[in-house]
Amino acid sequence: MPQQRRHDMGAGGTCFCPKCDYRGAHQSGIPCQDERCPRCGAKLLREGSYHDQLLQQKREA
Ligand SMILES: [Zn+2]
């Protein structure tokens, strides 16, 4: 089944920390990966991104 492609990754969305599950609003113009978790200092990931999907798959396995 065709998966809808999303090209609007630039606006809105959520950044999260893969280590402590901190979540924060994504700031437009700043990649999540350029931001640091205020709790533990890890690099944040974009929710729903390729890396996020990899993480989910690892957790399910
Ligand atoms: Zn964290």
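Student: Is cysteine 37 buried or exposed?
Tutor: Cysteine 37 is buried, with a relative accessible area of 4%. Please bear in mind that this is a predicted model.

Student: Which residues are the protein donors of the zinc ion?
Tutor: The donors are Cys17, Cys20, Cys37 and Cys40, each through its SG atom, and they lie 2.3 Å from the zinc ion.

Student: What is the arrangement of the four donor atoms around the zinc ion?
Tutor: The arrangement is tetrahedral, because the angles subtended by the four donor atoms run from 102 to 125 degrees.

Student: What about cysteine 20, buried or partly exposed?
Tutor: Cysteine 20 is partly exposed, its relative accessible area being 28%.

Student: And cysteine 17, buried or exposed?
Tutor: Cysteine 17 counts as buried, at 0% relative accessibility.

Student: Where does cysteine 40 lie?
Tutor: Cysteine 40 is found in the loop between strand 2 and strand 3. At 41% relative accessibility, cysteine 40 counts as partly exposed.

Student: Leaving aside neighbours within four places in sequence, which residues is cysteine 40 in contact with?
Tutor: With those neighbours set aside, cysteine 40 is in contact with Cys17, Lys19 and Cys20. Two of these, Cys17 and Cys20, are also named among the zinc donors.

Student: What separates the C-alpha atoms of cysteine 40 and tyrosine 22?
Tutor: Those C-alpha atoms are separated by 9.0 Å, and the two residues are 18 residues apart along the chain.

Student: Changing topic: how many disulfides does the structure hold?
Tutor: The structure holds one disulfide. Cysteine 15 and cysteine 32 form it, with their sulfur atoms 1.9 Å apart. Cysteine 15 lies in strand 1 and cysteine 32 in the loop between strand 2 and strand 3, so the pair ties together parts that are 17 residues apart in sequence.

Student: Is that disulfide left-handed or right-handed?
Tutor: The disulfide is left-handed, because the torsion about the S-S bond of cysteine 15 and cysteine 32 is about -65 degrees.

Student: Are cysteine 15 and cysteine 32 buried or exposed?
Tutor: Both cysteine 15 and cysteine 32 are buried.

Notes:
Residues are numbered from 1 along each chain as its sequence is written. This is a predicted model: local features need pLDDT of at least 70, side-chain atom pairs count only at pLDDT 80 or more; totals for chains, interfaces and linings use all residues. Side-chain values use heavy atoms; hydrogens and water are left out. Donors are N, O and S atoms within 2.8 Å of the metal (3.2 Å for Na, K and Ca); water is not among the atoms, so sites may look incomplete. Four donors count as tetrahedral if all angles lie between 85 and 135 degrees; four count as square planar and six as octahedral if opposite donors are over 155 degrees apart and all others between 65 and 115; anything else is irregular. Buried means under 20% relative accessible area, exposed over 50%, partly exposed in between (1.4 Å probe, protein chains only). A disulfide is a pair of cysteine sulfur atoms within 2.5 Å. Helices (H or I, at least four residues) and strands (E, at least two) are DSSP runs, numbered from the N terminus. Contact means heavy atoms within 4.5 Å.
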